[in-house]
Amino acid sequence: MSEAWSETDRVAMARALELAGKGLNTTDPNPRVGCVLVRDGRIIAEGWHERPGGPHAEPVALAAAGPAARGATAYVTLEPCSHFGRTPPCADALIAAGVAEVVYALDDPNPEVSGRGAARLREHGIRVRSGLMADRSIAINPGYFKRRREGLPFVRVKVAASLDGRTALENGESRWITSEAARTDVQHARARSSVVLTGIGTVLADDPALDVRLPGCTRQPLRVVLDSQLRTPPTARVLGREGRVLVVGVHDHPDRRRALERAGAEVAIVPAHGARPDLPAVLRLLAARGANEVWVEAGAELAGAFLREGLFDELVLYLAPTLLGPGRPLAALPPLAALAARPRLRFANVRQVGEDLCLTLVKGN
């Protein structure tokens, strides 16, 4: 039987979700979580999880409320944790504070928590309800839920192209197809991601840094280069920036490995798929390292491989109002024998960014 949610319930959970969004760029690999405390129909305190190792949303809200938390209802965007990690269990903090009720969006998919937090609260006489705005909680944490449920990160493949589907001129010139506003938008997408991933072809052709260059940025995503033969130059810009770099190859070249490690990179070897690293193996490796969201910025070959193999959750296409004629395609895809065999995508979001369009597409039915 589904819960009958009141207007107070909906307003409080909506605010908790808004608070969770404040941790969009900072909580990785933890989920983004918000909490509000309500008494007599009004919010008396609130909190959100800001960074790994820092207090979770519930203790922040409880500290803000002080003794007023006793008898209150806590609204949380994810089931309160019940285990000791870097911080004590949130379920215990709620129990100690004397809250009367906990309403949370949905169970935590972490097997160390799932269902146990709610059970612990009920054991101590606290009323527990769940299921309010669950879809919105998942939407804030798509990678966390996918990683916990499937052992894979949430993958976004980004492409910037002209109206005729070109990402560069025939001579390779590509800076800049899209506007400054679109490039800033990409910076925000990188900032929320666990990983920014590219291929060796892009590194050798464009020498990108792939870091986040936004004011106030406090966390750099892991930068990953798929490089079968470990050809990444030790002087590459991607190695010379703040943050961690992982070079993933399929053949171990000891001298090249040592040069990359001296330049500050970590090197991992995975099985091959043809001449390149096996993409499912790469994604499993990243998920095992706690990667929730992977942002792919790559050339036509690697972008095409993610699309061909269905290893993406979103295709993010920045479309510039220009025409380039002959040049690089946005993705290297095989020819189709019939139109009926074409892959089906659907638009999840369309928005204007500066003078460009940003189209977000997901797999169709």
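In strand 6 (residues 154-162), the side chains of F154, R156, K158, A160 and S162 point one way and those of V155, V157, V159 and A161 the other way, and all are buried, where buried means under 20% relative accessible area, exposed over 50% and partly exposed in between, with a 1.4 Å probe and protein chains only. Nine of the nine residues of strand 6 are buried, so the strand is largely enclosed by the rest of the structure. The model is a predicted one, in which local features need pLDDT of at least 70 and side-chain atom pairs count only at pLDDT 80 or more, while totals for chains, interfaces and linings use all residues. Residues are numbered from 1 along each chain as its sequence is written, and side-chain values use heavy atoms, with hydrogens and water left out. Helices (H or I, at least four residues) and strands (E, at least two) are DSSP runs, numbered from the N terminus.

With strand 14 (residues 293-297), strand 6 pairs in the parallel sense over five bridges, and V157 stands opposite V296. Seven bridges join strand 6 to strand 15, again in a parallel run; here S162 has A320 as its bridge partner.

Strand 15 (314-320) leads on to strand 18 (residues 356-363), to which five bridges join it in an antiparallel run. In this pairing, T360 of strand 18 is the bridge partner of V316. Strand 18 is itself largely enclosed by the rest of the structure, because six of its eight residues are buried. Strand 17 and strand 18 form a hairpin with two residues between them, and G354 in the turn has a positive phi of about 60 degrees. K363 lies over the face of F312, at 5.2 Å from the ring centre; a charge sits over a ring if NZ of Lys or CZ of Arg is within 6 Å of the ring centre and within 35 degrees of the ring normal.

A search of the whole structure finds one aromatic pair. This is Y144 with F145, edge-to-face at 5.9 Å centre to centre and with 85 degrees between the planes. Rings of Phe, Tyr and Trp (its six-membered ring) pair if their centres lie within 6.5 Å, and planes under 30 degrees apart count as stacked, over 60 as edge-to-face and the rest as tilted. Y144 is buried at 4% relative accessibility, and F145 is buried at 1%.

Elsewhere, an open sheet of five strands has the order 2-1-3-4-5, with mixed pairing. Its edges are strand 2 (42-48) and strand 5 (127-130), each of which pairs on one side only. From one strand to the next the twist averages 15 degrees. Strand 3 (residues 73-76) and strand 4 (residues 101-104) run parallel and are joined by four bridges, with T73 opposite E101. Helix 2 (residues 57-65) packs on the sheet, touching strand 1, strand 2 and strand 3, and its direction makes about 135 degrees with that of strand 2. Helix 1 (residues 7-20) lies across strand 1 (34-39), strand 2, strand 3, strand 4 and strand 5, at about 150 degrees to strand 1. For these angles, axes are lines fitted to C-alpha atoms, for helices over the stretch in contact, and values run from 0 to 180 degrees between N-to-C directions.

Key:
Two strands pair if DSSP finds at least two bridges between them. Contact means heavy atoms within 4.5 Å.
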